[in-house]
Amino acid sequence: MEKNRYGHILTENFQEAVGAWIKNYSNNIAIIEGERKITYRELGNLIIRCRKFFFEQGVKKGDNIAVHMGNHSEFIMVFLSLVTMGAVPILILSAQKKNEVRGIVRVATPKLYIYDAAVSVLGSLVAEGNKELKGIEKTIFTSMLESSEVEKTKEETYKEQIVPEDLALLLLSGGTTGIPKLIPRTHGDYLYNVKRITERLKLTQESVFLSVLPMAHNFALGNPGILGTLCSGGTVVICNDIAAMEIFSLIEETKVTFTAFVPSILKMCLEYRILDDGDDISSLQQVLVGGAMLPEETARQVDLVLGGKLIQVFGTAEGLICTNSMDDSYETRVSCQGQPISEYDEIKIIDSDGSHGLLIPQHRLVSNILILQI
C-alpha cells in the first residue's frame, strides 16, 4: 500500500470513491449547468456510458489521455470516467497555446486527445501536420460521446482493479516559463488531499460550489473544488462566463454556499458588488482565494462586501495545500494563508541561497511569504 514518509497508509482510489458518492447521494443534485440538473444517479449512468465509449476506442488502464476542454459538465463526466477505469487524464487548460500543447503531447504521448468546442488549438495543429501529434491514435470531439452508439458491453470487461498507488492524473505546473511540466498524482494521494481540505472547510450535502475557474486547474478540480463538493454529496454549479453579473446571478439563483477565485476575479467581483448589490447572495458562506498573492487591503473587503468569509488558499499541484478555516479570526484570515491540511506536511522558509532555513511546526499559521515543501 502507498504510504507517506511517516507511514500513513493511503487507502482510496477513484473507482471505489466515485462509486460510493453515487450510491450514498443518488438522489442529490450533483451538477447544475444552465437549465440542466444532473443527479448523482444520472451522473453515474453518464460515467458508465463514457467508460463504454472509451473502452470501445481501445482505452485501458494506464493509458495517458489528453483532456483539453472548457468548463462544461462533459469535463466532469470525461474526467471521472477515465480515472475510474484506470486511465490517466492529462489536464490541459483550454487557454493553452499551440506551442504548449505540442510540448505536452510530445512528452506525455497520449493515446487519445479529447477536446470540445472551447478549444481551437487542436484543429490547427492537425491541419499543420505536426509530427508531435502522430503518436495520438484518435482525436475525439466531445459531441461524439453523445452521438455514439456504444455496444452493450458488460462493465466487468473493462473495470480493471485500481490500487491507491496507481497513477491517477497528470496535472500541469503553473507559474513557470516555457512548456508546462507534468505533475503525476496517484489515486491515494490526490483523494487524501481532497478529503482533508473538505474536512477543513466543513463541506456537507448542503454545500453548493460555483465553479468559475478552469476545471482542469488543481484549485478548481480538487482544492476542494469539484471533487471536494462531490465527495460531500453537494452540488457543483458551472459558470460558463467569467463575468461578475453572471457570477452573482448564479449565486442568487442556485443558492451557492462557496466559490473559488483568483485575486483578479475577486477584485472584479468586489468592484461590481460595490456598484450593484441587487442580487441576493446571502447564501454565500465562503469565498476561497488562491493562485496568486492577495493584497491585504483587498482581503479586508471580502467579508464586508460579499458576506461570505474569506478563506485564503496556498497550494502546489505537487501536493502541499494550506488554508484558513471557518473558525479562524478575521485578522488571521485576511493576513495569513492558514495551516497545512495534513499533519504530515512540513514547511521550511529559506533564504535566497538556500543555506539557512526555519522549520515551521504544523500548527503554526502560514503568512504571505514564500513557502516550500520539504
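1. Among contacts (heavy atoms within 4.5 Å) in the chain between residues at least 6 apart in sequence, 71% join residues at least 24 apart.

2. This is a predicted model, in which local features need pLDDT of at least 70, side-chain atom pairs count only at pLDDT 80 or more, and totals for chains, interfaces and linings use all residues. Residues are numbered from 1 along each chain as its sequence is written, and side-chain values use heavy atoms, with hydrogens and water left out.

3. The chain holds 13 helices and 18 strands; these are DSSP runs numbered from the N terminus, helices being H or I with at least four residues and strands E with at least two. Of its 374 residues, 55% are buried, that is, under 20% relative accessible area with a 1.4 Å probe, protein chains only.

4. Strand 3 (residues 64–68) has five of its five residues buried, so it is largely enclosed by the rest of the structure. Asn-64, Ala-66 and His-68 point one way from the strand, while Ile-65 and Val-67 point the other way. In a regular strand, side chains alternate between the two faces of the sheet.

5. Strand 3 pairs with strand 4 (residues 88–92) in the parallel sense over five bridges; pairing requires that DSSP find at least two bridges between two strands. Within this pair, Ala-66 stands opposite Ile-90 of strand 4.

6. Helix 1 (residues 14–24) packs against helix 7 (residues 187–200) at an angle of about 40 degrees, with axes 10 Å apart; axes are lines fitted to C-alpha atoms over the stretch in contact, and angles run from 0 to 180 degrees between N-to-C directions. Phe-14, Ala-17 and Trp-21 of helix 1 meet His-187, Tyr-190 and Leu-191 of helix 7.

How values were computed
Buried means under 20% relative accessible area, exposed over 50%, partly exposed in between (1.4 Å probe, protein chains only).
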